[in-house]
Amino acid sequence: MQDRYDPKSVEPRWQRHWEEKDLFRAGARAGAPKKYILAMLPYPSGEMHMGHVRVYAIADVLSRYNRKRGYDVLQPLGWDAFGLPAENAAIKEGLHPRIRTPKNIKTFKEDVQSLGISIDWTREIDTSEPEFYRWNQWFFLRMLERGLVYRRRAKVNFCPSCNTVLANEQVEEGFCWRCGSKVEEREIPEWAFRITKYADRLLEGLDGLDWPERVVAMQRNWIGRSDGLEIEFPVVKSKSDRFRVFTTRADTIYGATYVAAAPDHPLVQKLAPAAKKAEIAAFAEKVRVAARAVGEGAAAAEKEGIDTGIRVKNPFTSETIPVWVANFVLAGYGTGAVMAVPAHDQRDFEFAKKFELPIRFVVRPSEEDDSFDPATAQKAFTEYGVLADSGSFSGLPSEQARLAIAAEAQRRGIGSPAVNFHLRDWGISRQRYWGTPIPILYCANCDPEGHGIPVPDEDLPVVLPDIDVKEVLTGKGEPPLAKVTSWVNIHCPRCGGPARREAETMDTFVDSSWYFARYLSPHEDKAPFLREDADRWLAIDTYVGGPEHAVLHLLYFRFWTKVMAELGLTAVHEPAQRLVTQGIVKGRDGEKMSKSKGNVVSPRDIISEYGADTARLFILFAAPAEKDMDWSDEQIEGQHRFLGRVFRLFQANADKVRGKTVHASFAQGEALEIRRKTHRTIARVTQQLERLQFNTAISSLMELVNTVTGFVPKNEGDEGAIVEALESIAQLLSPFAPHLAEEMWSELGHTARRRDEELVLRPWPHADPALTAEETVNIAVQVNGKLRGQVSVSAMAAEEDIREAAAADPKIRGWIDGKTVKKVVVIPKRLVNFVVGT
RNA sequence: GCGAGAGUGGCGGAACUGGCAGACGCGCAGGCCUUAGAAGCCUGUGGGGUGACCCGUGCGGGUUCGAUUCCCGCCUCUCGCACCA
């Protein structure tokens with residue numbers, strides 16, 4: 001044994017050992033139940049940061065723990081290798097992504113390995129390899145067959161810096177989520193996935209998931225199901241034209257005093273008087289410009305609008321009311337028009353105030369309360385209440401009136417129930433090079449309208465062509481692939497005539513939507529993965545990653561799983577049963593780490609100074625997994641000291657006990673107390689790991705180490721107790737600080753002759769219930785709820801005896817003698833409370 | 001505005017289904033070891049009085065023998081969504 005704790009020599013040695021013995025291979029325990037533990041697919045930037053350390057530490061503790069619990073554990077890792085940063089770098093520096101990416105992967109992988117993460121590397125995948133992305137193309141074609149992919153002309157977010165289309169979800173406050181440039185609006189054709197078809201299933205599926213509430217709430221919000229009524233407002237002086245509006249508050253229809261439509265509503269364009277048309281068109285353009293300037297507090301924008309001159313009839317009051325166009329009505333949601341009820345909707349209220357439109361109060365807080373005065377009111381009454389001035393519906397509560405009015409509208413054939421979602425279809429076209437080519441061709445002969453012809457399955461993969469970076473990746477103009485003429489121009493598979501390939505590539509969220517299933521059959525070349533492998537491993541038991549993916553990746557990958565289930569590839573409909581979202585690791589200054597702030601702590605530096613075990617321990621100990629945490633140089637010193645203490649504890653005892661046959665059952669006195677502490681610690685750490693409370697699990701271990709430190713064995717029983725304690729410490733520590741644990745384990749004389757004798761596979765220790773149970777317990781004694789003393793009694797003592805023991809205590813007598821004891825509360829093993837009068 | 005979460009020592013944080021608030025760690029103070037330091041070890045450490053006493057988990061109420069925990073009403077902070085009718 002070395003005389004000092006020296007992780008630099010210890011850690012690489014054990015990492016080699018694990019690799020040579022191939023101990024993290026999944027599928028090697030055929031009869032055992034499985035656990036699939038996965039950290040989110042990393043983008044291989046050249047440098048690992050502390051956030052990665054946290055994700056992998058969490059996933060690894062769970063993997064190592066479950067391996068020792070006898071599970072066949074799958075913990076793979078791969079690379080989200082396609083994407084914008086590599087391409088942007090190529091544009092700037094002229095270095096081909098195909099050269100840069102493998103270099104980055106290599107560095108990143110070394111960093112992961114230097115942390116001692118127990119990955120099954122035989123399953124490593126790289127999404128930029130044709131072996132992987134051909135299945136993106138395969139899925140695309142299957143989805144095309146099922147009508148889940150379609151071509152649409154859509155207003156899209158365009159980033160002038162990345163020169164690419166961004167999904168709505170990738171726009172943050174009007175800026176590109178990756179490069180931060182201001183996003184513009186453009187209209188171009190694109191391919192889209194019909195995720196909206198799954199909106200309800202995505203909503204319902206959330207119920208059975210063991211996910212953080214916050215993420216579930218964000219998804220619910222994002223999907224945004226809204227149940228209401230579509231109802232028609234017929235246009236006055238027209239036989240057939242009517243404005244269809246969507247409302248969730250049919251109960252307020254008697255208060256609808258105008259209709260508000262989106263500025264480019266088709267019916268407005270059609271029906272507006274000629275004199276108004278130019279004005280309306282100008283207004284529509286103004287609103288479009290304003291919408292483009294999102295991020296400048298668009299929500300706070302002043303209400304604006306124009307009276308179109310069109311008049312419609314409120315179908316319930318039969319009143320003639322105006323149609324206005326308004327900047328706050330969205331063309332893309334519902335019907336693009338709403339019935340405006342100023343008394344009961346805040347937006348309509350503000351609008352009506354500004355343009356002096358009538359405000360009619362038709363829902364009262366209660367039947368008697370008619371205090372609402374349109375002239376003086378500062379805001380709308382938007383709660384449910386009781387209807388007033390609403391014809392035969394007056395007096396009904398809102399909930400009932402909603403249904404009754406909807407039913408009446410339906411009976412009259414002017415309305416129908418309708419459901420709207422905030423969720424939009426997922427546009428996947430990217431005008432980029434470094435991504436999966438979309439397997440579509442255009443042939444003027446076979447497909448004159450340009451819908452696109454699917455590439456036949458046997459021609460997959462459509463391989464990304466090699467390119468001259470300087471010529472193709474200019475960052476300007478048309479999609480890069482369109483410039484690669486030798487690739488773009490091919491023969492049509494149907495007619496043999498000239499055809500052209502689709503030059504767009506797929507959003508990289510496609511890769512991360514199903515990669516977790518590719519790990520199951522990473523080398524399969526007939527299918528994306530095998531059904532038998534899916535049946536063995538899916539769903540992911542614990543998925544670990546950042547909460548920033550709550551509505552992007554985590555929604556797409558649930559969608560994709562449902563599609564895979566429909567294709568018969570798997571029986572599961574949800575990809576991940578449990579989700580752990582880890583908090584951010586902030587810099588020394590409490591700010592989020594970033595290069596520009598110069599507060600980045602490099603994992604490499606930490607590992608080389610303190611070792612991987614210290615880094616892992618610190619990041620798990622300093623805060624609960626889901627909370628943000630601050631980097632602390634002092635705390636990491638503390639963890640390093642703790643490992644040093646563990647080392648010295650073994651150093652002090654190993655020689656004495658190594659190789660001896662010892663019997664812990666002989667332990668008595670202090671040694672017996674050590675045994676109790678050992679077994680209680682086993683029980684606690686086990687429970688804390690099940691609950692993902694890594695920080696308290698580590699502090700339980702610290703307590704045990706503190707208890708054992710300084711104990712000098714004097715006889716056989718003592719030695720038995722200390723061996724048991726040391727073995728337990730090595731075992732319990734092994735998921736957290738695996739290298740030191742191995743070192744200590746071998747110090748105790750253990751060498752593995754067989755695979756199942758390896759520490760990483762050896763069964764997790766078992767807590768003996770006879771030893772975790774307390775024999776005597778300290779009971780708190782209160783008088784009138786205030787702590788006044790303590791008594792020690794047998795854990796088995798009857799309530800009666802506990803009460804007497806407490807009452808007999810001299811300190812307590814001082815508080816209760818001479819007073820009337822009105823009541824005594826006895827909670828066995830916990831406390832006694834005397835309630836006394838004065 | 002809506003949704004979710006959080007407010008506990010100087011700091012990070014503990015406290016199972018209401019039952020000894022502050023585990024564990026950091027920091028700090030004193031001591032040991034040392035020629036000195038580094039490392040390490042020991043003791044103490046919520047506040048106030050300093051006797052076995054009082055006060056303390058954001059604030060104000062409530063339920064209870066007993067509340068960090070449950071209920072009601074506020075305040076502050078973080079995150080997400082934000083004109084979705």
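A residue is called buried when its relative accessible area is under 20%, exposed when over 50% and partly exposed in between, as found with a 1.4 Å probe on the protein chains only. Helices (H or I, at least four residues) and strands (E, at least two) are DSSP runs, numbered from the N terminus. The legends describe a predicted model, in which local features need pLDDT of at least 70 and side-chain atom pairs count only at pLDDT 80 or more, while totals for chains, interfaces and linings use all residues. Residues are numbered from 1 along each chain as its sequence is written, chains are lettered from A and ligands numbered from 1 in the order in which they are written, and side-chain values use heavy atoms, without hydrogens and water.

**View 1. Helix α16 is mostly covered.** Of the 14 residues of α16, 13 are buried. The expected span of a helix is 1.5 Å times one less than its number of residues. For α16 (residues 553-566) this gives 20 Å, which agrees with the 20 Å between its end C-alpha atoms. Just after the helix, Gly568 has a positive phi of about 80°.

**View 2. Helix α4 has its buried residues on one face.** Helix α4 (residues 97-114) has 18 residues and should span 26 Å; its end C-alpha atoms are 25 Å apart, in agreement. Its buried residues are Pro97, Arg100, Thr101, Asn104, Ile105, Phe108, Asp111 and Val112. Down the helix axis they fall within an arc of 130°, so they line one face of α4; the arc is taken from the directions from the helix axis to the C-beta atoms. An α-helix has 3.6 residues a turn, so residues three or four places apart point the same way. The buried residues of α4 pack against α2 (50-68), α3 (84-93) and α17 (603-610), where contact means heavy atoms within 4.5 Å. On the other side of α4, Lys103 and Lys106 are exposed. Gly116, which follows the helix, has a positive phi near 75°.

**View 3. Asn66 is a buried residue of the protein.** Asn66 belongs to helix α2, and its relative accessibility of 8% is why it counts as buried. A polar atom of its side chain lies 2.9 Å from the backbone oxygen of Leu62. Beyond residues up to four places away in sequence, Asn66 touches Lys35, Ile37, Tyr71 and Val73.

**View 4. Lys303 is a buried loop residue.** The loop that holds Lys303 runs between α9 (274-292) and β11 (305-313). Lys303 counts as buried because its relative accessible area is 12%. Its side chain makes a polar contact (a pair of N or O atoms within 3.5 Å; within protein, one must be able to donate a hydrogen and the other to accept it, and residues adjacent in sequence count only if both atoms are side-chain atoms) with the side chain of Glu350, at 3.2 Å.

**View 5. RNA strand B is surrounded by 53 residues.** A residue is near the strand if one of its heavy atoms lies within 4 Å of it. The closest residues are Thr248, Arg347, His422, Ala622 and Arg830. Helix α19 gives the most to the surface near RNA strand B, with seven residues.
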